[in-house]
Amino acid sequence: MTANPIERRLGTSSTAAAEVYRHQPEPFEAEFAALACAHPEACACDEDPDWAAFIAQRVALNNLWRQAAAFNAANPVGSPVTAYPGARPEDDKDATRIDTTTRSRATVLGGHTAVVWVEGHSACIALSHIDTRPGGAA
């Protein structure tokens, strides 16, 4: 996982972190304020080669949480779905298909995949492998 450039600039000193949280002026305050960016997709920091990767990772994680939130808003726990654990039928003609219901809210697994748990399957399934079915919550 990419290190947080802001934390690296602040250092691991708990004293420095405590000063920041108490809003006490610090020598790095102006530099820290310069890191703020209204549009993170346009941010760049020539001094830190990890900055672009860090911002891209945060944007991707934010998008995953938005995907999970949108799924949850449209599909409460107990909603009928068709799940394809492993592979979708368009990728594998022998793909397993489970007509089931959700047994959890969607969430983000390990910071890399939006998932939901379904009845009749012991592992979570990526939302990309879930098709909703009409009928509302069971």
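**Close-up views of a predicted model**

**View 1. Strand S2 faces strand S1.** In S2, Asp-99 is the bridge partner of Thr-82. This is a predicted model. S1 spans residues 80–83 and runs antiparallel to S2, with 4 bridges joining the two. S2 covers residues 98–101. Ile-98 and Thr-100 make up its covered face. Asp-99 and Thr-101 make up the uncovered one. In a regular strand, side chains alternate between the two faces of the sheet.

**View 2. Strand S1 also pairs with strand S6.** S6 comprises residues 130–132. The S1–S6 pairing is antiparallel and rests on 3 bridges. Here Thr-82 stands opposite Asp-131. Within S1, Pro-80 and Thr-82 point one way. Val-81 and Ala-83 point the other way. All four residues are buried.

**View 3. Strands S3, S4 and S5 form an open sheet.** The order is S3-S4-S5, and the pairing is antiparallel. S3 (107–109) and S5 (125–126) are the edge strands, each pairing on one side only. Helix H4 packs on this sheet and touches S3 and S4. The direction of H4 makes about 140° with that of S3.

**View 4. A hairpin links S3 and S4.** The two strands are joined by 3 bridges and run antiparallel. Leu-109 has Thr-113 of S4 as its bridge partner. Between the strands lie 3 residues. Gly-110 sits in the turn, with a positive phi of about 60°.

**View 5. S4 meets S5.** These strands pair in the antiparallel sense over 2 bridges. Val-115 stands opposite Ala-126 in S5. Val-116 has Ile-125 of S5 as its bridge partner.

**View 6. The largest nonpolar core gathers 14 residues.** Those with the most contacts inside this core are Phe-71, Ala-83, Ala-106, Val-116, Val-118, Leu-127 and Ile-130. H4 (51–74), S1 and S4 (113–116) each supply at least two core residues. H4 gives the most, with 3 residues. In soluble globular proteins, nonpolar side chains tend to be buried together.

**View 7. Contacts of Val-116.** Leaving aside residues up to four places away in sequence, Val-116 touches Phe-71, Thr-102, Ser-104, Arg-105, Ala-106, Cys-124, Ile-125, Leu-127 and Ile-130. Phe-71, Ala-106, Leu-127 and Ile-130 are also among the residues with the most contacts inside the core.

View 8. The structure holds 4 salt bridges. Side chains of opposite charge can pair when their charged atoms come close. Glu-90 and Arg-88 meet at 2.6 Å, N to O. Glu-90 is exposed, with a relative accessible area of 56%. Arg-88 is buried, at 14%. Asp-94 and Lys-93 meet at 3.7 Å, N to O. Both partners are exposed: Asp-94 at 58% and Lys-93 at 74%.

View 9. The Arg-97 to Asp-99 salt bridge has an N to O distance of 3.5 Å. Arg-97 is exposed, at 53% relative accessible area. Asp-99 counts as partly exposed because its relative accessibility is 45%.

Technical notes. Residues are numbered from 1 along each chain as its sequence is written. This is a predicted model: local features need pLDDT of at least 70, side-chain atom pairs count only at pLDDT 80 or more; totals for chains, interfaces and linings use all residues. Side-chain values use heavy atoms; hydrogens and water are left out. Buried means under 20% relative accessible area, exposed over 50%, partly exposed in between (1.4 Å probe, protein chains only). Two strands pair if DSSP finds at least two bridges between them. A nonpolar core is a set of buried Ala, Val, Leu, Ile, Met, Phe, Trp, Tyr and Cys residues joined through side-chain atoms within 4.5 Å. Contact means heavy atoms within 4.5 Å. Axes are lines fitted to C-alpha atoms, for helices over the stretch in contact, and angles run from 0 to 180 degrees between N-to-C directions. A salt bridge is a side-chain nitrogen of Lys or Arg within 4 Å of a carboxyl oxygen of Asp or Glu.
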